Amino acid sequence: MNIPENLLYTKDHEWVKIEGDRATIGITDFAQHSLGDITFIDLPKPGAKVEQSKWCATVESVKAASDVYAPLSGEVLEANTELTDHPELINKSAYDTGWFALIKIADLGEKSRLMNSVQYKEYVQGLSK
Amino acid sequence: MIDSQGLKDTPLLASHKELGAKLAPFGGWLMPIQYSGIVEEHNWVRKSAGLFDICHMGEFMIQAEPSRGNLGNLLTINLEKMPEGACRYGFMLDEQGGIIDDLLVYRIDNSGWMIVVNAATSEGDFEHFEKHLTGATTLENVSQSLGKLDLQGPLSTDVLENLLGPGIRGLRYYTFSYFNLLGERIIISRTGYTGELGYELYMPNDKIPQLWGKLLNDQRVKPIGLGARDTLRLEMSYSLYGQDIDKDTTPLEAGLGNFIDWNKEFIGKNSLLKQKQSGVFRRMTCFLADSRRSPRHNYRIIYKGQDVGAVTSGSFSPSLGIGIGMGYVKDQIALGEQVVLSGGSISINAKVTSKPFYKNGSAKSGEIK
């Protein structure tokens, strides 16, 4: 299971990379693997406000549709529109070319509700027991 | 074998685990859903050859003279018209015309028949035969000992030729023959559930792992799970029993009236004739979404603002790159008409289309059109 050290994580298997007041978000390798082939994505639009733990995107696999929640609150600056025609990038590269959106962080204090890579790894191992 | 959850497993469970398959219950069996991924497996079957573990399906052997007894009355297929070595698709119906099961009949010789049925309905089907069948000298459920592997894809003839010699090339669509393989004399039919050129191989369970291994040794062959089996059959608009058809639906509603021979008697015929006269109340309709978004089972079908039915099967179509679905609609909507398929907060614009969704299948390749 690929869990990069420089990211923070949610219990719903989203990741966030914080750089200053910007955050890149996506879903984890564990999430893409459980979903299987991702065939469709509904992304938030630039300018949209997202709230921590609230809906920010929907992904569909062959078998089911799943909601994705924002790991932090903020304003969407950019969405990865490449995914619209190539949602399989999420399967191929969940932490890199499979990123969902770039947001301007509203409250960096929300970071305290996220897990670091060690905590997330333990969390995921707990799920598979 | 039966595990602690009451799920049966096939002779290939250990092999599926070794191949890293995701396993899940299906029809009372623990079955492989996917190996490398549904889309990749789907595309492999469309371009090469895929191997499916179908040991969960049921097989009955029956000895019955077609002119005596009532075997023919239990099925919508005209048995007397079937040549030896032919396969036919059809239905077992109840008195109301509801579908007890959809099945394949193999005519082995003048009075010998193999009937292949769905896994979940297998026991009920057999009871139905036990209860109603007259004039048969043999009725045997061989599901426990007879396994089945499906090899499907445009290269499947080439793959089988390596094992069986050129004789396999003579097998025409919807026929079968006996072949010698691994010391057994086995039935192989040119049939399938994917729309591609392909075969179904019936082998005693104890030799299924050997056959599976031998076929997978060929680089052109990959194992395919039930996930891709479902997307492949849906692209062909083939019905899945328990989801698209069941006891509450008739073949006429399902758009499968062409698998009924009206020139003979069968259980359910009177009800179907009445339905034919009065017109069907609802009919199976196919939908093409305008995006990659998948319609799902139980999504409502909205036409001109009215709720006209529900989706029975829906998925992303790997071959077409868009969402596809089918479901029963009150009355008839013309081809090309726009509908909305809606589930919760999701609404998908779609249009009514003809079947099948995927029109480039190789199933009938080499046949005279």
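The model is a predicted one.

In chain B, three strands form an open sheet. Their order is β1-β3-β2, and the pairing is mixed. Strands β1 (8–9) and β2 (22–26) of chain B lie at the edges, each pairing on one side only. Helix α6 (residues 226–235) of chain B packs on this sheet and touches β2 and β3 of chain B. The direction of α6 makes about 70 degrees with that of β3(B). Strand β3 of chain B spans residues 29–34 and pairs with β1(B) in the parallel sense, over two bridges. B:Lys8 has B:Trp29 in β3(B) as its bridge partner.

Chain B also meets chain A. Twelve residues of chain B are in contact with eight residues of chain A. On the chain B side, α2 (38–47), α6 and β17 (306–317) each give two or more residues. By class, this side of chain B has four nonpolar, six polar and two charged residues.

B:Tyr174 has a positive phi of about 60 degrees. B:Tyr174 sits in the loop between α4 (156–164) and β11 (176–181) of chain B. With 16 other C-beta atoms within 10 Å, B:Tyr174 is partly exposed. B:Ser237 also has a positive phi of about 60 degrees. The loop between α6 and α7 (269–278) of chain B holds B:Ser237. B:Ser237 is buried, because 20 other C-beta atoms lie within 10 Å.

A cis peptide bond joins B:Lys355 and B:Pro356, with omega about 0 degrees. B:Pro356 lies in the segment after β20 (346–353) of chain B.

Technical notes:
Residues numbered from 1 in each chain as written. Chains lettered and ligands numbered in written order. Predicted model: local features only at pLDDT ≥ 70, side-chain atom pairs only at ≥ 80, totals over all residues. Pairing = 2+ DSSP bridges. Helix = DSSP H or I, 4+ residues; strand = E, 2+ residues; numbered from the N terminus. Contact = placed C-beta atoms within 7 Å. Axes fitted to C-alpha atoms, helices over the stretch in contact; angles between N-to-C directions. Nonpolar A, V, L, I, M, F, W, Y, C, P; charged D, E, K, R; others polar. Buried ≥ 20, exposed ≤ 12 C-beta atoms within 10 Å, placed from the backbone.
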